[in-house]
Amino acid sequence: MDFGTLLKPEAVKVTSASSKKRLLHEIGDLVQTAYDVHAGLVVEALLAREALGPTGVGHGVALPHARLDGIDRVMGAFVLLDRPIDFDSVDRQPVDVAFALFAPEEAGVEHLKALALVSRTLRDTSICTKLRANPDASTLFAILNESKPAQAA
């Protein structure tokens with residue numbers, strides 16, 4: 001699995017969302033535009049997942065994710081925020097990098113592989129530094145697609 005199978009160029013955006021809820025709505029709009037999945041369903045699924053526990057993983061990174069009816073593969077959306085926002089992260093640091101993942105209801109190992117790939121990649125401080133320094137959607141897409149995170153042991 002790689003970013004080329006998870007992410008379309010149309011699913012990458014730079015935003016000025018001012019809150020966690022607003023960011024989740026922007027992700028919903030982005031997914032609707034890129035993958036033709038109803039934004040309301042996306043936002044509802046993300047909010048339900050966040051109610052179980054926040055997906056802010058620390059160091060300014062959030063990995064919101066949810067299972068969705070009606071999709072047939074794992075798909076992602078990447079958002080870079082121009083100003084960090086509170087995301088109830090585990091380290092209590094604000095978030096400015098968010099990679100949302102969506103999987104079919106019946107997805108098993110593919111969803112976990114995608115989460116692992118994104119998590120490994122965004123734990124790499126050099127990749128996050130490049131992402132934060134390039135507020136252009138096409139450049140962000142290129143950085144993610146050329147990144148080669150270390151494999152987990």
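This is a predicted model: local features need pLDDT of at least 70, side-chain atom pairs count only at pLDDT 80 or more; totals for chains, interfaces and linings use all residues.

**The charged pairs**

Some background before you click: side chains of opposite charge can pair when their charged atoms come close. Searching the whole structure turns up seven salt bridges, and we'll stop at some of them.

Start by selecting E26 and R22. These two form a salt bridge, with 3.8 Å between the closest N and O atoms. Both sit in helix α2 (residues 20-35), four residues apart, which is about one turn of the helix. Now colour by accessibility. Is E26 buried or exposed? E26 counts as buried, because its relative accessibility is 11% and the cut-off for buried is under 20%. R22, at 36%, counts as partly exposed.

Next, select D96 and R132, where the closest N and O atoms of the salt bridge are 2.8 Å apart. D96 has 13% relative accessibility and counts as buried, while R132 has 33% and counts as partly exposed.

Move along to helix α4 (residues 109-123), and pick out K113 and E110, three residues apart, about one turn of the helix. Their side chains meet in a salt bridge, 3.8 Å from N to O. K113 counts as partly exposed at 43% relative accessibility, and E110 also counts as partly exposed, at 36%.

Which residues are joined by salt bridges that share partners? K13, R22 and E26 are, making one network.

**The backbone stops**

Switch to backbone torsions and select D36. Look for D36 in the loop between α2 and α3 (39-52). Its phi is near 60 degrees, a positive value in a residue other than glycine. With a relative accessible area of 71%, D36 is exposed, since exposed means over 50%.

For the last stop, go to R92, in the loop between β5 (75-85) and β6. What is the phi of R92 near? The value is near 65 degrees, again positive in a residue other than glycine.

Note on methods: Residues are numbered from 1 along each chain as its sequence is written. Side-chain values use heavy atoms; hydrogens and water are left out. A salt bridge is a side-chain nitrogen of Lys or Arg within 4 Å of a carboxyl oxygen of Asp or Glu. Helices (H or I, at least four residues) and strands (E, at least two) are DSSP runs, numbered from the N terminus. Buried means under 20% relative accessible area, exposed over 50%, partly exposed in between (1.4 Å probe, protein chains only).
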